Amino acid sequence: MNYSYEDFIPQCPGGPILDYKLFHQTRPLQLSPEMTEAIEYLLWYVPNINSLQSKTNPYIEKAVFDDYIFEQMLKQMKMGPRDVYIGQKIPEEMVAYYKGKINPSCQKMLLTQGDNETKTAAMLRHIRNAIAHGIFNVIGDVLICFDFSTMNAASSNNSCTAIIKIRPAGLLKALEQMEKEYAHAQIAAMSFKKAGYKVTFHEKTAFDFTAQKGKRVYSVELKTLPDGVTLTENARNRIIHRLEGAPNKVLLTDKGNLSPEDRAILKKEHIQIMSPQVMEQLFMGHDVLA
């Protein structure tokens with residue numbers, strides 16, 4: 001999906017058109033508790049932004065997963081491909097169209113990308129910049145924000161690098177889903193499928209899924225942990241128990257989350273440790289396990 005300007009539809013199919021100002025007439029801006037929480041999260045905690053408080057997601061910034069992740073994000077946000085434009089620059093007529101008037105009945109995004117930047121990373125960076133620079137307003141449950149390469153937002157329409165009109169609750173839900181092990185398991189399963197494996201998910205009482213290609217069968221258990229956090233003894237024992245008796249046992253996790261003791265014990269249990277980097281190769285159709 002290329003999210004071209006020709007396919008982009010700026011208008012909403014109905015709904016009111018309201019006047020608004022980017023400059024907050026009442027300060028501080030009067031926000032609901034839910035919107036305050038959403039803006040605080042988008043400012044400090046979204047994954048992979050330049051903030052001490054943000055988490056790292058191993059997939060958001062990987063080019064190989066770019067289309068899949070962004071499409072999943074849009075789906076969770078209840079947006080379609082014609083609600084998004086991604087290009088080298090934001091047309092000045094679009095800045096004029098969205099600045100000062102808003103139809104809050106639909107969501108739209110116009111984004112530019114940095115070099116080697118994924119679409120999801122670009123979206124999160126632009127939102128964070130707009131909020132940090134104060135170039136936003138809230139109308140009902142909708143956040144409208146602009147990211148400008150200069151702070152002279154009132155007169156420099158041609159310096160606009162993003163326009164985002166979204167319901168933050170939907171974005172937060174999408175980000176929350178991306179943090180769950182279930183979402184990581186879905187990406188891992190898709191990676192195996194792209195490399196020609198048949199994937200079968202199991203009940204919650206067993207390991208996550210089986211990947212089979214010909215006579216080769218892998219029993220995959222996935223474990224995600226925050227940066228710098230290692231497995232607890234109980235978590236390690238649960239992994240061993242869930243994979244007990246399975247053929248070609250695999251633990252998919254970041255190797256930085258395993259202590260030398262973890263590795264030694266898992267090796268003794270014949271559990272192969274597979275890093276997320278292997279998923280990148282599989283996702284590209286390269287069966288590096290063959």
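**Close-up views of a predicted model**

View 1. Strands β11 and β12 run parallel and are joined by three bridges. Within this pairing, Leu251 stands opposite Ile273 of β12. Helix α6 (residues 181–194) packs on the sheet and touches β8, β9, β10, β11 and β12. The direction of α6 makes about 155° with that of β8.

**View 2. The five-stranded open sheet.** The strand order is β8-β9-β10-β11-β12, and the pairing is mixed. Because β8 (198–201) and β12 (272–274) stand at the edges with a single partner strand each, one side of each is left without a neighbour in the sheet. From one strand to the next, the twist averages 30°.

**View 3. Strand β10 and its two partners.** Six of the seven residues of β10 (residues 216–222) are buried, leaving the strand mostly covered. Strand β9 (residues 209–213) runs antiparallel to β10 and is joined to it by five bridges; Lys213 has Arg216 of β10 as its bridge partner. Two residues lie between the strands of this hairpin, where Gly214 adopts a positive phi near 65°. With β11 (residues 249–252), by contrast, β10 runs parallel, through four bridges, and Val220 is paired with Val250 of β11. Together with helix α7 (residues 233–242), β10 and β11 make a right-handed β-α-β unit.

**View 4. The salt bridge between Lys101 and Asp19.** The closest N and O atoms of Lys101 and Asp19 are 2.6 Å apart. This pair links distant parts of the chain, with Lys101 in strand β3 (residues 101–102) and Asp19 in strand β1 (residues 18–19), 82 residues apart. Lys101 is partly exposed, at a relative accessible area of 45%, whereas Asp19 counts as exposed at 60%.

**View 5. The salt bridge between Lys62 and Glu280.** Here the closest N and O atoms are 3.4 Å apart. Lys62 lies in the loop between α1 (33–44) and α2 (66–77), and Glu280 lies in helix α9 (residues 276–283), 218 residues apart. Lys62 is partly exposed, with a relative accessible area of 28%; Glu280, at 17%, counts as buried because the cut-off for that class is under 20%.

**View 6. A salt-bridge network at Lys119.** Asp66, Asp67 and Lys119 are linked in a network of salt bridges. The side chains of Asp67 and Lys119 meet at 2.7 Å, N to O. Asp67 belongs to helix α2 and Lys119 to helix α4 (residues 119–132), 52 residues apart. Asp67 is partly exposed at 36% relative accessible area, while Lys119 is buried at 7%.

Terms used:
Residues are numbered from 1 along each chain as its sequence is written. This is a predicted model: local features need pLDDT of at least 70, side-chain atom pairs count only at pLDDT 80 or more; totals for chains, interfaces and linings use all residues. Side-chain values use heavy atoms; hydrogens and water are left out. Buried means under 20% relative accessible area, exposed over 50%, partly exposed in between (1.4 Å probe, protein chains only). Two strands pair if DSSP finds at least two bridges between them. A crossover is right-handed if, with the strands pointing away from the viewer, the path from the first strand over the helix to the second runs clockwise. Axes are lines fitted to C-alpha atoms, for helices over the stretch in contact, and angles run from 0 to 180 degrees between N-to-C directions. Contact means heavy atoms within 4.5 Å. A salt bridge is a side-chain nitrogen of Lys or Arg within 4 Å of a carboxyl oxygen of Asp or Glu.
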